[in-house]
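Dear colleague,

Please find below the structure for your attention.

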Amino acid sequence: MVSPRALCRPPSLLLLPLFCLLYLGASGQPEEEVASVQGVRGGSVELTCGPPPAPLAVFWSFTPLGSLIPRPVAVTDGAEVKVEAGALALGTVSLRNSSLVLGELREGARGHFLCQTLQAAGGRLHTAYSHFSLAVLVPVSKPQVRLSEPSPVEGASVVATCAVREGTEPVIFAWKHQAPRGLGEAQLGVTERLLWLDPVNRTHLGWYMCSARNAVNQLSSDGTFLDVIYGPDHPVITVEPSGFTDEGFWAVEREEVTLSCLAASNPPSRYVWLREHAQVHTGPTYTIVSASRAHTGLYTCLAHNSLLDTRTQAAVQLTIYYPPEGQPSCTVLPTSGAVTLVCAWPGGFPTAQLQWEGPQGTGPTALSNVTWRHAAAQLLNGSTFACIGQHPALAQPALCRITLWEPLRSPACWTTATTGDQFIMLSCEWAGGEPPAQLSWLDAQQQPLGGGGSSQAVHLLRAREDLAGREFICQGSHPLRAPGPHCRLQLEAPQLAVAKPRVSVLEGEEAWLGCTLQGGTPPARLLWLGPQGQPLEQGTSGFMLHPEDAQLHLGIRGADPERHGGAYQCVARNTLGSRSRSTLLEVLRYPAPPNVTISRLTYGRHRREVQLQWATEGPGNLTGFLVQRRPSAAGPGAGAWEMAAGDIGPESRTRRLGGLDPEVLYAFRMLALNHRTAGHPSEVKIPADPPLSTYPAVLGAAGTGMVVATVASLLVFQYAARHPETCPCLGQLRAPTEQSHRHRGSTEGPEAQAGTEMPPATPGLDPAQEPTDTPVSVTITVTATP
């Protein structure tokens, strides 16, 4: 606090009387109107003191709120400005002419300012006063949201406070709420500092923001999250794909089924799935990849809040639907004067719904099995009926169709015998038709025999010979055909005939015997018996059986008089008796071929082959020759004859046979062949050695010796000419020749002699001392190769 006496202390001696005068004069002035001015902390404000002209002196003072003692601020006489040091508590103080400028305004500047001016007018001095009331406004600070309980349990009481550190009143508040998954903020309409949430619930969960506003500014807080703890609620179970029943849900077999459980809870619930009180899955979603009938049952979802340790549960019944297997089956049953349509499709869950549709419209409907009866007189040939089956597990209905039509043609009758010919089986068939025709057997007196049936009828009779000539009737009936047709058959013993009673073939040829069945009911079996009465079957060696319709042909391969000649029996048997016919087979031999003689049989090279020549004698047909051989041994120890060659044509008269063992002496003989008839064997002969022929070999050897001797002589003479000291006798033979050469050389000119070089004399050799020539013996060996 500055005392009045301190204010009278002038900043300079010149202004001291003036300041004191102004102050004293101010104290005696009456109240004047006060101008209200507002400034913002940290800002600037200018207080203007009086209108022009410029005063002689200006003095500014400040009186804080709640005080009556003014404090000097600044003074000026137009030339000099003085600011009181204590005025820094107001901010930065400066004077602009007579105006007081306060910068960086502080809250201490809140109060009353007095401006006193000294002015000269009309030759007189007078003073003027200006009063100002300065209000310094403080901006609001950034607010903060404070929760009395950040994570309350649903039902508790929560207070949210919007805390502002500073700000000039009045401060106005506003609240906003944003849900965790909300799209935007929601204004709450509360303008107070406190927000009461009593009781708090799950809708209050989320972010809370508040804003504070005064005359200076407006700021908003950051969001503060209110985490309301609740739940779990009662679970809600959904099933996809969804199908509803009175008990719960249903799904189709082999499709994917998803069970989802949702129980509102914070923190989120933990889920456990049970099927029939046994745990099958953990988590909110349980997926059955391929549903089967075993998945039908009660499914329970348990939800658990781990923070509150609270639990809830819900259960649903899941039923797996599956359709019946395959397709509906349509059948028609003939009855007296009517037909009954039957449609069945058993199985499945639930059972399928079936309904008939026909040319006259829809028919009855039922589950799993439905029948529809029609009078035969109302039906037309070719009428079509359809049975439509529907099941919730099928996207499209299934159906079957049936068309009524009468069989073609008439019944066919035949008979067969059972194994062992103990029974005769009467068979009747009338194929086709819908419904199938009904057949029954009657005797000649139209009395039923039994054995009736649908499309086919069979009746057994014990085989007896007295049944021959008896007649039987097969009666057919069909709803779309009246009167019903029939067929007849009469039992009879077999009848047969042979193709030829006598057959003649040459030996080795193929013979065929034929037998034809001419009648017999039941059908008879044919077989052939050989000359000794033995049955001839397909596998019998040398025989062939060829059945053809009602005929049985017997073929004999390579007919032989001893084995195949004789009477053959063809036998036909059925349950009423048997018949037989015979055929005589004669096998004729070929005429004997001409005799054969061996004209030449000689060994070849190294005795491994022989050259054979032969000739024939006498008339006769000829188809080939056969050569036989065996080791030649005297006495009974000789080996058996074996074939040496058997593929010799009738035109051949010579043959070379190889493959002989040189150490074995062989004997040969020949036979002429006429097909399978062999002639008398030729005389047995042993191969002879071939004659020696050395003349060509001697001539060849002599020529070769002459050539060899000539070449050897030339080589010896050439060697002696080059080495006379080694062969002196040969050197003497060359001397006359050399002397003649010298004589010719002496008659030639000097040029010729100069160009001839004489061989040097060999020292130590004297012609008188040369040894006498020794005779040379030459042996030439000639080898003749046969």
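In this predicted model, Cys343 and Cys387 form a disulfide with their sulfur atoms 1.9 Å apart. Cys343 belongs to strand 27 (residues 338-344) and Cys387 to strand 31 (residues 384-390), so the bond ties together parts that are 44 residues apart in sequence. The link of Cys343 and Cys387 is left-handed, with -80° about the S-S bond. Cys343 counts as buried because its relative accessibility is 0%, and Cys387 is buried with a relative accessible area of 0%.

A disulfide also joins Cys162 to Cys210, with an S to S distance of 2.0 Å. Since Cys162 lies in strand 11 (residues 158-163) and Cys210 in strand 15 (residues 206-213), this pair connects parts that are 48 residues apart in sequence. The torsion about the S-S bond of Cys162 and Cys210 is 75°, and the link is right-handed. Cys162 and Cys210 are both buried.

Cys413 and Cys487 are likewise joined by a disulfide, at 1.6 Å from S to S. Cys413 is found in strand 33 (residues 412-417) and Cys487 in strand 39 (residues 486-490), so the pair ties together parts that are 74 residues apart in sequence. This disulfide of Cys413 and Cys487 is right-handed because the torsion about its S-S bond is about 60°. Cys487 has a relative accessible area of 9% and is therefore buried, the cut-off for that term being under 20%.

Counting pairs of cysteine sulfur atoms within 2.5 Å gives eight disulfides, among them the bond between Cys343 and Cys387.

With kind regards

Definitions and conventions: Residues numbered from 1 in each chain as written. Predicted model: local features only at pLDDT ≥ 70, side-chain atom pairs only at ≥ 80, totals over all residues. Heavy atoms only, no water. Helix = DSSP H or I, 4+ residues; strand = E, 2+ residues; numbered from the N terminus. Buried < 20%, exposed > 50% of the residue type's maximum accessible area, 1.4 Å probe, protein only.
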